[in-house]
Amino acid sequence: MAEHCGWEMISAKELQDYVEQNGVSRVAEYVSSRLDDWKNVVIQFAVCGVSGAGKSTFINRIRGVEDIDTDAAEVDVTECTKELKCYDHPSNPNIKFWDLPGISNPIYHGDLEEYCKNVPLDEYDTYLIFAKDRLTADDLKLAERIRSTGKKFFFIRARIDQDVENARRSRKHLFDKDATLNKIRKNISQNLIERGLLKDEKEFFLISNYHTAEYQFGELGRAILAILPQRQRESLILTFDNALILSKDTLKEKVEVLRKRIKYVATASAFAATVPIPGVSIGTDIALIKREIDFYISQLGLPEEGSHRFSSLGLKTQTQIKALSTALGSTMQIGGLLAAYATESVVEEFSRYIPFIGTAIASSLSYGATYYFLSKWLGQMEEIALKALEETLYDLQSH
Ligand SMILES: Nc1nc2c(ncn2[C@@H]2O[C@H](COP(=O)(O)OP(=O)(O)OP(=O)(O)O)[C@@H](O)[C@H]2O)c(=O)[nH]1
Ligand SMILES: [Mg+2]
C-alpha cells in the first residue's frame, strides 16, 4: 500500500504498526491527530523598526484581534512598546510574532550593540522591518545586522492610507493615488537598493493596517509564505485567516494544501475497511470525512448563513452556499453517505465476506470512495469560496 498511496507524511508502516498495537477501531482518531501535525511547526517572526511605525497594530491585524482586545498588542499614538513581547497566533500558538521595541527607544540611544544585549536579534526565522515616513539610520543599521545573519527580511511601510489622505488633501484636483504610492515606494526602496539591502522594489510593501484589502497587505502575506520552507509554509497557510490575506491565489494555495491531505484520510478509510465487522468501516468514514469537511469549511472561510458577510454576497452565491450546507448536512448521516457513494460501499459491505478477495477489494474501494467524496466536496467548496472572496473584495474596494 505504501507505494500505491504515495505516503509522504504518514507512512503505511506507521499505520500498520499502530493497528497491530492498538487495533483498528481508533485508526480514524490517530490519523486525525497526525493530520494536526502542521500545528507543531514553530515559526517566529520578529516585527521590528522605529517607534510609531505601526508594528503593534500590524501584529493585531495578522492575529485577527482588535487593538482594544485584552490580548492585543498595545497600540498608541505615543511611543509604547518598551519590552519585547511575544504574541501567539490565536488559532496556532506555534506561530509567534515578537513585538520588538524600537531601536530608537531612548534607552538604547540608537546603539545596536546595546539593543542586542536586550533583544536576541539573531534568533528569529523571518524579520519584518517597519519604516516610518523616511528611512532612518536606525532602520538601515537593523537591516544590515539582519542581513549579516543570512536570514530573510521584508521592508514594510504601514500607515500608507494616511499618506494617501494627506496627498489628497494637499494636491486637491491634481491628486493621483498611484503616483503618490509610486513616489513613496521609489523614495524608500531606491535607498535600500543602493545599499544592497533590497533587490528590487517588489520586495518593499506599502500597507495599511486599517484597510487590509487595499494596498499590499495581501501581497505581503503571499511574499512571506513564498520564502518559507515547505512545512512552515503549509502550517502558516492553514493558520492565516482568508479574510486577512484576501487573495485568490492564497486561497487556491490553501486548497492545494488541503487536497494533499485527502490521500491520508482515504488510507485511514482503507484500513478501517479491513475490520470484518459490518458498520465499522462506514462509521469511520463518516467520522473522518466529517472532520475533514468541517476543517475545509473553517479553512476556506465560507460565510455562515445569517452572518454579515453572507448577507453582503450576491443572491446566486448565497443560494450556492445554502445548497452546499443542505447537501453536506444530509450526507453526513449514515444513510446519506451511503447514498452518496452507493455502489462502491454496497459492494464493499458484500466483498468483506467473500473469501480471498474480500479484504483487499474492500480496502481499495473504501479508499477510492473517501478519496472521491472529499475531492468532490473540496472542489465545490473551492469554487464557492473563490466567488465569495471575489465579491467580498469587490465590496471592500468599492467602499
Ligand atoms: N492610519 C493608520 N494608522 C495606523 C496604521 N498602523 C498604525 N497606525 C496608528 O499609528 C500609531 C502607532 O501605531 P503602533 O502600532 O502603536 O506603532 P509601533 O510601531 O508599535 O510603535 P512603538 O510601540 O512605540 O514602537 C497608532 O496610533 C496606530 O493607531 C495604519 O496602517 N494606518
Ligand atoms: Mg508597539
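# Helices and cores in a predicted chain

Author: Of the 399 residues of the chain, 37% count as buried, where buried is the term for a residue with 20 or more other C-beta atoms, placed from the backbone, within 10 Å of its own. This is a predicted model, in which local features need pLDDT of at least 70 and side-chain atom pairs count only at pLDDT 80 or more, while totals for chains, interfaces and linings use all residues. Residues are numbered from 1 along each chain as its sequence is written, and chains are lettered from A and ligands numbered from 1 in the order in which they are written.

Reader: OK, and how many helices and strands are there in the chain?

Author: The chain has 18 helices and six strands, which are DSSP runs numbered from the N terminus (helices are H or I with at least four residues, strands are E with at least two).

Reader: Which residues have the most contacts inside the largest nonpolar core?

Author: They are V47, I129, F130, I156 and I207, in a core of 53 residues; a nonpolar core is a set of buried Ala, Val, Leu, Ile, Met, Phe, Trp, Tyr and Cys residues joined through C-beta atoms within 7 Å. A second, separate core of 33 residues includes A272, F373, L374 and A388.

Reader: Switching to helices, at what angle do α3 and α12 pack?

Author: Helix α3 (residues 27–35) and helix α12 (residues 248–272) pack at about 165°, with their axes 9 Å apart, the axes being lines fitted to C-alpha atoms over the stretch in contact and the angles running from 0 to 180 degrees between N-to-C directions. The two helices, α3 and α12, are therefore roughly antiparallel to each other, a term for angles over 145 degrees.

Reader: And which residues make that contact?

Author: On α3 they are V27, A28, V31 and L35, and on α12 they are R261, Y264, V265, A268, F271 and A272, with contact meaning that the C-beta atoms of two residues, placed from the backbone, lie within 7 Å.

Reader: What about α10, is α10 mostly covered or mostly exposed?

Author: Helix α10 (residues 230–239) is mostly covered, since seven of its 10 residues are buried, namely Q232, E234, S235, L236, I237, L238 and T239.

Reader: How do the axes of α10 and α12 cross?

Author: The axes of α10 and α12 come within 10 Å and cross at roughly 115°, so α10 and α12 are roughly perpendicular to each other, the term for 65 to 115 degrees. At this crossing E234, I237 and L238 in α10 meet E253, K254 and V257 in α12.

Key:
Angles under 35 degrees count as roughly parallel, over 145 as roughly antiparallel, 65 to 115 as roughly perpendicular and the rest as oblique. A residue is buried if 20 or more other C-beta atoms lie within 10 Å of its own, exposed if 12 or fewer, and partly exposed in between; C-beta atoms are placed from the backbone.
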